[in-house]
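This briefing concerns the chain shown below.

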Amino acid sequence: MDSKLFQNLTDYMIVYPIKWYTFIKRILHRSTRYKNIIVINKNIIGNDLNIINDVKEIFQMQNDLVDEQENKDFIIWYFKKTKTINFLDLWFRILVLRLISELYNEFIYSSITGNSFFIQLEDIRLIIKNERIYIQNLKQSKVISVTYNYNYFLLKKQLSKILIAFFC
């Protein structure tokens with residue numbers, strides 16, 4: 001994923017968490033996807049057209065959304081790459097990766113598209129599944145989980161406290 005797109009998408013997730021949640025849960029998950037195409041049924045949009053336009057603008061700024069077709073029933077988005085659409089399913093991994101990069105300079109992470117994505121800080125491993133983070137101390141076999149409640153700053157504060165406690 002392009003770093004500018006990464007930045008713009010995560011900015012939107014952080015600043016507008018309810019809009020992002022609405023886009024993911026109400027619109028994207030109820031839309032049809034084919035390789036590099038998303039077909040959005042207008043019946044599911046309701047009053048959320050502004051959210052569609054916000055997300056569309058992010059992709060257009062990076063030239064990832066190359067065309068849009070619209071008729072009375074559907075909005076169809078054509079993306080430059082299939083990978084862009086696949087990353088939308090991995091949005092929480094992307095968000096946590098940004099959060100950790102804001103807290104720490106040195107860490108490693110597995111392939112963001114892999115089945116078992118993790119971020120590792122020395123002997124601490126963060127395993128991200130759905131909207132939950134499992135924090136594992138590899139030396140002590142201790143595991144704590146944190147669920148994302150669509151408040152980035154609260155999540156950052158919680159993770160920071162837990163990680164500091166694990167490092168002490």
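**Overview**

Of the 168 residues in the chain, buried residues make up 42%. The model is a predicted one, and its chain has six helices and nine strands. The C-alpha trace spans about 60 × 30 × 25 Å along its principal axes. Among contacts with a separation of 6 or more, 51% are accounted for by residues 24 or more positions apart.

**The open sheet**

- An open sheet is formed by five strands, in the order S5-S6-S7-S8-S9, and the pairing is antiparallel.
- The edges are taken by strand S5 (108-109) and strand S9 (142-147); each has a single partner strand, so one side of each is left without a neighbour in the sheet.
- Strands of a sheet pair through backbone hydrogen bonds, in either a parallel or an antiparallel manner.
- Between S5 and S6, the antiparallel pairing extends over two bridges, and Tyr109 has Ile119 in S6 as its bridge partner.
- Strand S6 (residues 118-121) and strand S7 (residues 124-129) run antiparallel and are joined by four bridges.
- Ile119 also takes part in this second pairing, where its bridge partner in S7 is Leu126.
- Further along, Leu121 stands opposite Ile124 in S7.
- The hairpin of S6 and S7 has two residues between the strands, and Glu122 there takes a positive phi near 50°.

**A helix across the sheet**

- Helix H6 (residues 152-167) lies across S6, S7, strand S8 (132-137) and S9.
- Relative to S8, helix H6 runs at about 10°.

**Helix-helix packing**

- For two packed helices, the description consists of the angle between their axes and the distance between the axes.
- Helix H2 (residues 17-27) packs against helix H3 (residues 49-61) at an angle of about 100°, and their axes are 10 Å apart. Because angles of 65 to 115 degrees count as roughly perpendicular, H2 is roughly perpendicular to H3.
- On the H2 side, Lys19, Trp20, Thr22, Phe23 and Ile27 meet Asn50, Ile51, Ile52, Asp54 and Val55 of H3. The residues of this contact of H2 with H3 comprise six nonpolar, two polar and two charged.
- Helix H1 (residues 3-15) packs with helix H5 (residues 91-103) at an angle of about 95°, with the axes 10 Å apart. This angle makes H1 roughly perpendicular to H5.
- From H1, the residues Phe6, Gln7, Thr10, Asp11, Met13 and Ile14 meet Trp91, Ile94, Leu95 and Arg98 in H5. The contact of H1 with H5 divides into six nonpolar, two polar and two charged residues.

**Ser110 in the loop between S5 and S6**

- Ser110 is placed in the loop between S5 and S6.
- Its relative accessible area is 17%; since buried means under 20% relative accessible area, Ser110 counts as buried.
- A polar atom of the Ser110 side chain lies 2.9 Å from the backbone nitrogen of Phe118.
- Leaving aside residues up to four places away in sequence, Ser110 touches Ser116, Phe117 and Phe118.
- Phe118 therefore belongs to two descriptions: strand S6 covers residues 118-121, and the backbone nitrogen of Phe118 lies 2.9 Å from a polar side-chain atom of Ser110, within the 3.5 Å that defines a polar contact.

Key
Residues are numbered from 1 along each chain as its sequence is written. This is a predicted model: local features need pLDDT of at least 70, side-chain atom pairs count only at pLDDT 80 or more; totals for chains, interfaces and linings use all residues. Side-chain values use heavy atoms; hydrogens and water are left out. Two strands pair if DSSP finds at least two bridges between them. Contact means heavy atoms within 4.5 Å. Axes are lines fitted to C-alpha atoms, for helices over the stretch in contact, and angles run from 0 to 180 degrees between N-to-C directions. Angles under 35 degrees count as roughly parallel, over 145 as roughly antiparallel, 65 to 115 as roughly perpendicular and the rest as oblique. Ala, Val, Leu, Ile, Met, Phe, Trp, Tyr, Cys and Pro count as nonpolar, Asp, Glu, Lys and Arg as charged, and the others, Gly among them, as polar. Buried means under 20% relative accessible area, exposed over 50%, partly exposed in between (1.4 Å probe, protein chains only). A polar contact is a pair of N or O atoms within 3.5 Å; within protein, one must be able to donate a hydrogen and the other to accept it, and residues adjacent in sequence count only if both atoms are side-chain atoms.
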